[in-house]
Amino acid sequence: MAQKNFDILVVGNGVVGLSAACTLKMLSFDVAIISAFQDGLKEKRHTSERNLTIVESSRRFLNAIGVWKTLRNSSVGKYYKIDVRDQTSEESIRFDTPLGFDGPMGWVVVESVLVDTLNYLVEDVTRFYDLKSVNNPNEGPVEINLGNGNKAFGELVLFTDSLYPEIRQGLGLDFKAKSYDQTGIVLDIKTEKPHQNVARQWFLKEGVLAFLPKFEENLCSVVFSVPDATAVAVKKYSLAELSDSLNRSSELALGKVRALGLPSFFPLKRGLASNWIKNRCLLVGGAAHAVHPLAGLGLNLSLMDVAFF
């Protein structure tokens, strides 16, 4: 049985966990990453991938840890305006960049592109997987027990996402998110008209729809928040039926749109952990809070956890 000692153990290999590991490595801490899968890999999905909205504060953080300069060579969308419409009242509002600021209001990054960039920057960081239990004593380092019988010890353990809820509950760091009774639907679309680097959002009777501009002028990422019952029906749609539905909901603001692939579905939850720290175990990111995606705040709030912890 092997035992290894580290300054900090990061549980989670998503964007937040990898960002934390990247930051700690830059600060010369001896850090290791614990993920649910060997080598941190999951099977490639055959459905549409999530795109992440990055605001200026998060961009500055990612730039400070060396991520953004690498991302700039990738395909990153950006928006300079946000157009919001309420179809029930037929009212609308537009947000422009502040006077004196000539940069984008935000950026749209494919999740896998950001994850791959972060993985490249922490490729020399030790990785573990198959976490089985955590011993968090009042004094001394935290003991991590792995599925292969090995142990790792850390002066601090960061839980960064929703992995291992039973273990967190056993540590007194339980976070019980409540359902919105809604489902998020994600896919990419091809638009007839160029998006002009404008993020668009519609408040509809059936939910909240957003078109986020990607790196090509006729390519957008769709995030559609709908009641669970509606999502069940959408899962049966063909690509043509899905495209027709988006055309009706968007009122052809960008002309006719065409769905480029099967959508992904994920449950929408909300919540805030009542206790973020116990001895030497700490919650950040998705392990500590969850919000609705309509404002694109979830990842940005989580990155600020890492920036300021």
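**Close-up 1. Helix α2 against helix α8.** The axes of α2 (residues 56-64) and α8 (residues 298-308) come within 9 Å and cross at roughly 45°. That angle makes α2 oblique to α8; angles under 35 degrees count as roughly parallel, over 145 as roughly antiparallel, 65 to 115 as roughly perpendicular, and the rest as oblique. The crossing is left-handed (near helix turned anticlockwise from the far one by less than a right angle; clockwise is right-handed). From α2, the contact uses S57, S58, F61 and L62; from α8, it uses N300, L303, M304, V306 and A307. Contact means heavy atoms within 4.5 Å. By class, the α2 contact with α8 has six nonpolar, three polar and no charged residues. Nonpolar covers Ala, Val, Leu, Ile, Met, Phe, Trp, Tyr, Cys and Pro; charged covers Asp, Glu, Lys and Arg; the others, Gly among them, are polar.

This is a predicted model: local features need pLDDT of at least 70, side-chain atom pairs count only at pLDDT 80 or more, and totals for chains, interfaces and linings use all residues. Residues are numbered from 1 along each chain as its sequence is written, and side-chain values use heavy atoms, with hydrogens and water left out.

**Close-up 2. Helix α1 against helix α8.** The axes of α1 (residues 15-26) and α8 come within 10 Å. They cross at roughly 25°, which makes α1 roughly parallel to α8. Axes are lines fitted to C-alpha atoms, for helices over the stretch in contact, and angles run from 0 to 180 degrees between N-to-C directions. The crossing of α1 and α8 is right-handed. On α1, V15, V16, S19, A20 and T23 meet L299, S302, L303 and V306 of α8. The residues of this contact divide into six nonpolar, three polar and no charged.

Close-up 3. Strand β14 spans residues 207-213, and seven of its seven residues are buried (under 20% relative accessible area with a 1.4 Å probe, protein chains only; exposed is over 50%, partly exposed in between). Helices (H or I, at least four residues) and strands (E, at least two) are DSSP runs, numbered from the N terminus. Strand β13 (residues 198-204) pairs with β14 in the antiparallel sense over five bridges. Two strands pair if DSSP finds at least two bridges between them. L204 has G207 of β14 as its bridge partner. A hairpin of two residues joins β13 to β14.

**Close-up 4. Strand β14 and its partner β15.** β14 and β15 (residues 219-227) pair in the antiparallel sense over six bridges. A210 stands opposite V223 in β15. Here the hairpin from β14 to β15 runs through five residues.
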